[in-house]
Amino acid sequence: MPRLDGQFIHLGAGATALPQPDFSGGDWYAGYGARHDGDGPEGRLVSMFTFTTSWESWEMHPHGDEVVICTEGRITLHREFADGTIAKVTIGAGEYVINPPGCWHTADIDGEATAVFITPGLGTEGRPR
């Protein structure tokens with residue numbers, strides 16, 4: 001059986017759910033875009049990561065909401081909203097947060113934490129923390 005922490009899922013046009021090749025690091029995302037950018041802003045990437053350190057960068061999804069679901073541990077998300085508002089929120093196992101379009105976000109991890117992400121991948125941007 002595939003595991004979400006290594007083989008993500010693309011939710012695409014026509015209510016499809018397509019397993020993806022095994023995740024292999026940052027370059028994997030270029031291939032994902034080539035495979036699924038045709039779904040436009042309706043496409044979503046479902047992934048799961050376990051973190052033992054805080055994130056080293058910020059990211060932003062301009063074309064849709066991102067859902068972050070904490071499944072283990074605690075995650076503190078730092079967010080800069082499109083209107084300039086700055087906020088942080090800490091979520092624990094079973095809790096979630098929605099990052100709206102244009103919201104830059106990064107995370108601090110206390111110990112170890114796992115989260116599921118449902119992300120509009122089209123046009124995702126990143127910047128150093």
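This is a predicted model: local features need pLDDT of at least 70, side-chain atom pairs count only at pLDDT 80 or more; totals for chains, interfaces and linings use all residues.
**Entry 1: His105**

Leaving aside neighbours within four places in sequence, I found His105 in contact with Trp55, Ser57, Trp58, Glu59, Met60, His61, Glu66, His78, Arg79 and Asn99. His105 belongs to strand E9, residues 104-109. Is His105 buried or exposed? Its relative accessibility is 0%, so it counts as buried; the cut-off for that is under 20%.

In sequence, 48 residues separate Ser57 from His105. In space, their C-alpha atoms are 8.6 Å apart.

**Entry 2: the sheet**

Next I traced the strand order. I read an open sheet of six strands, E2-E1-E3-E10-E5-E8, with antiparallel pairing. Which strands stand at the edges? They are E2 (16-19) and E8 (96-99). Each has a single partner strand, so one side of each is left without a neighbour in the sheet. From one strand to the next, the twist averages 20 degrees.

I looked up one pair in detail. E5, residues 66-72, pairs with E8 over four bridges, in the antiparallel sense. Among the residues involved, Ile69 has Tyr96 in E8 as its bridge partner.

**Entry 3: the largest pocket**

I turned to open space. The largest pocket holds about 480 Å³. Its lining has 20 residues, and the closest to the centre are Tyr29, Glu59, His61, Thr119 and Thr124. Glu59 and His61 were already on my list of His105 contacts.

Which elements give two or more residues to this lining? I noted H1, E3, E4 (57-60) and E10 (113-119). E3 gives the most, with four residues. By class, I recorded nine nonpolar, eight polar and three charged residues in the pocket lining.

**Entry 4: the cavity**

The largest cavity has a volume of about 60 Å³. I listed its lining as His10, Tyr32, His36, Asp37, Gly40, Gly43, Arg44, Gly121 and Leu122. These residues divide into two nonpolar, five polar and two charged.

Key. Residues are numbered from 1 along each chain as its sequence is written. Side-chain values use heavy atoms; hydrogens and water are left out. Two strands pair if DSSP finds at least two bridges between them. Axes are lines fitted to C-alpha atoms, for helices over the stretch in contact, and angles run from 0 to 180 degrees between N-to-C directions. On a 1 Å grid over the protein atoms alone, a cavity is a set of points where a 1.4 Å probe fits but cannot get out, and a pocket is an open set with protein on both sides within 12 Å along at least five of seven lines; lining residues have an atom within 4 Å of a point. Grid points are joined across faces, edges and corners, and a volume is the space filled by probe spheres set on the points. Ala, Val, Leu, Ile, Met, Phe, Trp, Tyr, Cys and Pro count as nonpolar, Asp, Glu, Lys and Arg as charged, and the others, Gly among them, as polar. Buried means under 20% relative accessible area, exposed over 50%, partly exposed in between (1.4 Å probe, protein chains only). Contact means heavy atoms within 4.5 Å.
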